[in-house]
Amino acid sequence: MKTIISLLAVTILAAGCATTTTQHSSQHKHWGYTGHEGPEYWGTLNPNYSTCDKGMNQSPINLTGFIDSDLSPLVLSYQSGGYESLNNGHTIQVNYRAGSKLAVTGRVYELKQFHFHSPSENHINGKSYPMEIHLVHADAEGNLAVVAVMLEEGDENETLKEIWSSMPKVAGDKSSLLPAISVEGLLPVKREYYRFNGSLTTPPCSEGVLWLVMKQPVFAAKEQIAQFMGIMHQPTNRPVQPVYARPILE
Ligand SMILES: [Zn+2]
């Protein structure tokens with residue numbers, strides 16, 4: 001319990017990284033996606049990030065070699081709870097009001113926030129997508145579950161249009177979302193998914209995260225994908241990590 005709470009605290013600290021540029025100490029070094037702050041250095045930037053190097057259940061991965069399992073359906077009950085968007089220097093994150101739930105394998109998780117990566121972090125059968133959306137949930141004990149949705153180039157996405165219309169352009173900035181956003185508009189019609197155990201894809205790369213990757217992608221216009229890349233100025237994906245002995249269920 002204690003370690004899980006501190007894991008969450010560290011996650012929040014890491015997410016706030018870009019906003020505290022002037023206060024960096026050896027305890028809290030900046031990380032990024034390129035150069036000497038890039039993914040291959042994360043494990044040595046800070047002793048708290050050592051799992052990035054040493055972990056055996058790291059995310060993202062290339063999903064392949066699926067094991068046929070009778071996965072129980074995801075029970076998603078999401079409200080229009082996305083009340084603010086935050087540019088944390090690594091992504092655009094939409095913070096979610098309490099009350100939106102995911103139930104799977106006898107556990108109930110609450111949606112905390114969702115955010116974006118471009119290009120996708122996970123690959124499916126070797127295929128990378130132009131974007132990936134991560135819906136981050138936590139249960140009452142602080143265990144994390146991430147629902148990942150791949151995004152393909154196609155028709156304009158209405159939900160993305162609402163979020164992008166007030167996208168905070170500078171790291172550390174926030175925008176209110178009025179009316180509040182529903183993440184439902186970023187989910188595919190079919191709710192089939194792959195399941196595996198993994199980690200946070202950003203420092204401290206903590207493990208014990210349940211990953212649920214939707215099989216079906218959603219669509220967004222080429223310009224909408226370019227808009228996100230334009231704000232972040234760089235790719236925001238950690239490269240795929242070794243799967244080792246992990247089963248990937250479908
Ligand atoms: Zn993510």
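In helix α5 (residues 222-232), Gln 224, Ile 225 and Phe 228 are buried, where buried denotes 20 or more other C-beta atoms within 10 Å of a residue's own, exposed 12 or fewer, and partly exposed the range in between, with C-beta atoms placed from the backbone. Viewed down the helix axis, the buried residues of α5 fall within an arc of 100 degrees, so they line one face of the helix; the arc is that of the directions from the helix axis to the C-beta atoms. The structure is a predicted model, in which local features need pLDDT of at least 70 and side-chain atom pairs count only at pLDDT 80 or more, while totals for chains, interfaces and linings use all residues. Residues are numbered from 1 along each chain as its sequence is written.

- The face of α5 turned away from the buried side carries the exposed residues Lys 222, Glu 223 and Gly 230.
- The cover over the buried residues of α5 includes β4, β6, β8, β9, α4 (158-164) and β13 (218-220).
- Helices (H or I, at least four residues) and strands (E, at least two) are DSSP runs, numbered from the N terminus.
- His 233 follows α5 and has a positive phi, near 65 degrees; this residue counts as exposed, with 9 C-beta neighbours inside 10 Å.

**Overall composition and confidence**

- The protein chain contains 5 helices and 13 strands.
- Of its 250 residues, 38% count as buried.
- Among contacts between residues at least 6 apart in sequence, 68% join residues at least 24 apart; a contact requires C-beta atoms, placed from the backbone, to lie within 7 Å.
- The average pLDDT of the protein chain is 91, and 88% of the residues score at least 70; pLDDT is the predictor's confidence in each residue, from 0 to 100.
- Residues 9-28 have a pLDDT below 50, and this stretch has 23 contacts in the model beyond near neighbours in sequence.
- Where pLDDT is low, the predicted coordinates should not be read in detail.

**Nonpolar core**

- The largest nonpolar core has 52 residues, and those with the most contacts inside it are Ile 133, Val 146 and Val 149.
- Strand β9 (residues 144-153) gives the most to this core, contributing 8 residues.
- A nonpolar core is a set of buried Ala, Val, Leu, Ile, Met, Phe, Trp, Tyr and Cys residues joined through C-beta atoms within 7 Å.
- Not counting residues up to four places away in sequence, Val 146 touches His 134, Leu 135, Val 136, Val 209 and Trp 211.
- Gly 142 is located in the loop between β8 (131-138) and β9, and is partly exposed, with 17 other C-beta atoms within 10 Å.
- The C-alpha atoms of Gly 142 and Glu 110 are 9.9 Å apart, although the two residues are 32 residues apart in sequence.

**Strand pairing around β3**

- Strand β3 (residues 82-87) pairs with strand β4 (residues 92-96) in the antiparallel sense over 5 bridges; pairing requires that DSSP find at least two bridges between two strands.
- Within this pair, Glu 84 stands opposite Asn 95 in β4.
- β3 and β4 form a hairpin with 4 residues between them, and Gly 89 in the turn has a positive phi of about 90 degrees.
- β3 also runs antiparallel to strand β10 (residues 174-181), to which 4 bridges join it; here the bridge partner of Gly 82 is Ile 181.
- Pro 168 lies in the loop between α4 and β10 and counts as partly exposed, with 17 C-beta neighbours inside 10 Å.
- Leaving aside neighbours within four places in sequence, Pro 168 is in contact with Ser 85, Leu 86, Asn 87, Asp 173, Lys 174 and Ser 175.
- Pro 168 and Glu 84 are 84 residues apart along the chain, and their C-alpha atoms are separated by 9.9 Å.

**Backbone geometry**

- Most residues other than glycine have a negative phi, and most peptide bonds are trans.
- A cis peptide bond joins Leu 178 and Pro 179, with omega of about -5 degrees; Pro 179 is found in strand β10.
- The peptide bond from Pro 203 to Pro 204 is also cis, with omega near 10 degrees, and Pro 204 is placed in the loop between β11 (193-199) and β12 (207-214).
- Thr 105, which is not a glycine, has a positive phi of about 45 degrees.
- This threonine, Thr 105, lies in the loop between β5 (101-104) and β6 (107-117) and counts as exposed, with 10 C-beta neighbours inside 10 Å.

Notes
Contact = placed C-beta atoms within 7 Å.
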